Amino acid sequence: MLFRRKTKQETMPPQEQVSDLKPEETVSAEELAALGIEPDEETLPEEPAQKIEPEPEPEAIAEETDVPETAEEPAPAPADEAPKMSFFGSLGARIRDAMVGGEDLTDDFFDEMEEIFITSDIGMDTTMDLVFSMKLIAKYDHIRKVNKMKEVIKKAIMSKIDKGERHKMTDKTPLVILMIGINGGGKTTTIGKLGAKYLREGKSVLFVAADTFRAAAGEQLSIWADRAGIPVVSHAEGADPSAVLFDGLEAAKARGIDVVICDTAGRLQNKKNLMAELEKMNRIIDKQYPEAARETLLVLDATTGKNAISQVEQFGDVAALTGVVITKLDGTAKGGIAITIADQFDLPIKFIGVGEGINDLREFDPAAFVGGIFDE
Ligand SMILES: Nc1nc2c(ncn2[C@@H]2O[C@H](COP(=O)(O)OP(=O)(O)O)[C@@H](O)[C@H]2O)c(=O)[nH]1
Ligand SMILES: [Mg+2]
């Protein structure tokens, strides 16, 4: 198995440590670092994270976050294109509700967080881990009131989902992207959106319709291809997917295409066949196009909740995944699965799907994701 879930010992904080945390205890920067949380450089003895400054204007936030980005970064989506994620609405609203009022921070608050996380499809292991991290950070930052917990919660979630540079797709070309995942997850739709995105960036794109299992899949990809003005290589229904890929790669080489995006069939129920099929496809790329860079993206439907975990395990067994795409975050109040996947597997989320339109794909930005929970 190429991707394994972390063992209980890795994910679960020791229980006695959780309950033994007394208010007067101090937490060292090293303890936070061990959890993957970057401690603030300096914390003041008295509730430094209170951040009494007024909330900056949205424009000010955009400017601030723009500054450290590299020059090649695509411009952030305009405000009217803001992700429509009901997940954020729900999780964010519940967390904000829990933070209302000036009550003292007690175990009740953490119990409430635990319940909110679990009912948002953030699994038990990740939830326990998150709550433990929140307790440590709150202590390190000397937080005593529930209404000062926002930054603590953000830091705890960031420590789970942030995989740094690995969220970015390779910028090497030629690039061959294999899209895999179960039927209905959103592969073909994501290919359409992703192709359009590469086109906007000035890259040449070619689609390969290697989901030959269902005639509709090829037709659907052709519709996306027409819409975006992208050439597509396809064969008849039932053709060997590797033969389509072979032709696609030949065409891509002949035309000097930058990015080849290959659709696949997601027949998990026949794992042996799927494995053989994906292995064969990978061999074709190795042989036909050894100089091409590669990405293998697993497409996961956020509305399937915890089932996504077993999909990562199963597809991780048959393919060398380089990242995941989480689709339909606009259609679920339980998208916590994004946090769970990032925590449980050493796999970066590369993109999120937030609708059925051609522009409804976002590069995954951990800070923006966490900010979104708080409506920022
Ligand atoms: N709301 C929403 N629907 C999506 C998203 N991505 C895909 N879909 C829909 O999910 C369904 C299945 O998508 P499709 O691309 O055919 O999945 P595939 O079988 O994996 O290729 C289609 O009706 C898509 O329009 C998304 O991000 N948001
Ligand atoms: Mg499809």
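**Exercise 1.** How many residues surround ligand 1, and which are the closest?

This is a predicted model: local features need pLDDT of at least 70, side-chain atom pairs count only at pLDDT 80 or more, and totals for chains, interfaces and linings use all residues. Residues are numbered from 1 along each chain as its sequence is written, while chains are lettered from A and ligands numbered from 1 in the order in which they are written.

Step 1. A residue is near a molecule if its C-beta atom, placed from the backbone, lies within 6 Å of it.
Step 2. 20 residues surround ligand 1. The closest are Gly186, Lys187, Thr188, Thr189 and Gly353.
Step 3. Helix H9 (residues 187-200) gives the largest share of this shell, three residues. Helices are DSSP runs of H or I, at least four residues, and strands are runs of E, at least two, numbered from the N terminus.

**Exercise 2.** Find the buried residues of helix H13 (residues 307-318).

Step 1. Buried means 20 or more other C-beta atoms within 10 Å of the residue's own, all placed from the backbone.
Step 2. Ala308, Gln311, Val312, Phe315 and Val318 of H13 are buried.
Step 3. Down the axis of H13, they fall within an arc of 135 degrees (directions from the helix axis to the C-beta atoms), so they line one face of the helix.

Note on methods
A residue is buried if 20 or more other C-beta atoms lie within 10 Å of its own, exposed if 12 or fewer, and partly exposed in between; C-beta atoms are placed from the backbone.
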